[in-house]
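Subject: Structure for you to look at

Hi,

Here is the structure I promised to pass on. Have a look, and my notes follow below.

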Amino acid sequence: MTIERTDLPSGLAVVTEAVPGARSASFGCWVRVGGRDEPADRAGASHFLEHLLFKGTEARTGREISEAIESVGGEINAHTAHEHTAFYARVPAAAADVGLDLLVDVVTSPAFTDDDVESERQVILEELHLAEDEGDDRVLSLAHEALWGDHPLGREVLGKLDTIGAMDRAAIAGFFDQHYHPSNLVLVAAGAVDHRSVVAA
């Protein structure tokens, strides 16, 4: 296995691990922003943004993103934490170009339509209500509050009902513009990948 890293002039770090004999390729984009980076009135912005990026881009609708990844037998998903937000795609080796193209499109060119913002707001509000009923989630949230108090690390990554309810499209797009730039991203690839090809793409 060979691990290589290239730092592009834009500030983007590209790290790959080629695995001989691998029959799949995995790509990830780690964004150096999470719950700890949110002001109190924007609590949950990172998670809200994670949801929205899959709703559509300037080139593809949310349905087209889903169909493109599923048609090659792959998956694309994401998660938000206190320290980072991560997006990833896993595809068969023959579809490596598709996986990387979709991931880059999702992370760099969101559509941010008003309808998508409102529909995802309702999804996240429902998640917050469900989290209140999940024992494990509730205990973890209370532990964070006890450890960190009013610090952003003490907040629920999902946000709060009032902050999610109040965030409009402009606020979310502004959060994206502030944090989703090349020097704040790390692109990784592993499996049946070629470092130079990933860097070139």
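Helix α4 (residues 114-133) has 20 residues, which at 1.5 Å a residue should span 28 Å, and its end C-alpha atoms are 30 Å apart, so the two agree. The expected span is 1.5 Å times one less than the number of residues. Helices (H or I, at least four residues) and strands (E, at least two) are DSSP runs, numbered from the N terminus.

This is a predicted model: local features need pLDDT of at least 70, side-chain atom pairs count only at pLDDT 80 or more, and totals for chains, interfaces and linings use all residues. Residues are numbered from 1 along each chain as its sequence is written, and side-chain values use heavy atoms, with hydrogens and water left out.

Back to α4: D116, V117, E120, R121, I124, L125, L128 and A131 are buried there (under 20% relative accessible area; exposed is over 50%, partly exposed in between; 1.4 Å probe, protein chains only). They cover an arc of only 165° around the axis, which puts them on the same side of α4 (the arc is that of the directions from the helix axis to the C-beta atoms). Exposed D115 and D133 sit on the face turned away from that buried side.

Now the sheet. It is open and mixed, with 6 strands in the order β1-β2-β6-β3-β5-β4; two strands pair if DSSP finds at least two bridges between them. β1 (2-7) and β4 (75-80) stand at the edges with a single partner strand each, so one side of each lacks a neighbour in the sheet. β1 pairs with β2 (residues 13-18) in the antiparallel sense over 6 bridges, and D7 has A13 in β2 as its bridge partner.

Best wishes
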